[in-house]
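Colleague: I would like to learn how to read a model of a protein chain. Could we go through one together?

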Amino acid sequence: MQSVDERTARELRGLARVLVRSGYADHAAITAALTEAVQEDAPSMDAAALVPLLIGEAVMDLNAESAEWPAATDPDRLDAVLSELEKLGLVVVRYTSDHHAARQALEAAPDPKGLVFFTDTDVWHAVDFSMLELKLWHPDTANVAPGEPLLEDVLTLLHEHDLPATFDEGRIEVTLDWKRRVTL
């Protein structure tokens, strides 16, 4: 990456880092996103040569760190909470592109009890800042409000799984170390 400025190189590495560490994007999706970023931000670079290097570097860094992680990580506990919510009849949408896709999943579900979702950018924020925003909606797509049983049930479940969470301005802020094991 010698032919791009330091800032662009840092941004491309950062994008590769969050895409790989998210644990939700597959190799093809990561490759496509990074290829687009290289073509836009570093058009003089050969994306076909650079993208595999960016992915490889991010995977190597993650693998080195994950050797020191505990057997169960915060994202593992989050997955357990989301599975329990699904069993309770909530629609759970993970790593979606936007709220429109989440709403479509809610509307397609038979007799949903509500919707909990988070976007790809929510996960990227969690990777870098250890806070994931969960959105929680009623079946009619209205946001939950403080004191409502649905919100209290979700917050209780998060706390029972050692995931500190608070409701703030229409979303649940979950404090967690994003240590998700990844296989690409």
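Predicted model: local features only at pLDDT ≥ 70, side-chain atom pairs only at ≥ 80, totals over all residues.

Modeller: Residues are numbered from 1 along each chain as its sequence is written, and side-chain values use heavy atoms, with hydrogens and water left out.

Colleague: How many helices and strands are there in the protein chain?

Modeller: Helices (H or I, at least four residues) and strands (E, at least two) are DSSP runs, numbered from the N terminus. The protein chain has 7 helices and 5 strands. Their order from the N terminus is α-α-α-α-β-α-β-α-β-α-β-β.

Colleague: Into which domains is the chain divided?

Modeller: Domain bounds come from an automatic or database domain assignment. Here, domain 1 covers 6-67 and domain 2 covers 74-175. Their C-alpha centres lie 27 Å apart.

Colleague: What is the area buried between domain 1 and domain 2?

Modeller: The size of an interface is often given as the accessible area lost when the parts come together. Buried area is that loss, taken with a 1.4 Å probe and summed over both parts. Between domain 1 and domain 2 the figure is about 670 Å², and carbon and sulfur atoms give 72% of this area. In terms of contact (heavy atoms within 4.5 Å), 7 residues of domain 1 meet 8 residues of domain 2.

Colleague: Which residue forms a salt bridge with Asp 128?

Modeller: A salt bridge is a side-chain nitrogen of Lys or Arg within 4 Å of a carboxyl oxygen of Asp or Glu. Arg 17 forms one with Asp 128, and the closest N and O atoms are 2.4 Å apart. The rule finds 1 salt bridge across the interface of the two domains.

Colleague: Is Thr 119 buried or exposed?

Modeller: Buried means under 20% relative accessible area, exposed over 50%, and partly exposed in between (1.4 Å probe, protein chains only). Thr 119 counts as buried because its relative accessible area is 9%. Thr 119 belongs to strand E2, residues 114-119. Across the 184 residues of the protein chain, buried residues make up 42%.

Colleague: With which residues is Thr 119 in contact, leaving aside neighbours within four places in sequence?

Modeller: Thr 119 then has contacts with Tyr 95, Thr 96 and Asp 98.

Note on methods
Buried area = accessible area lost by both parts, 1.4 Å probe.
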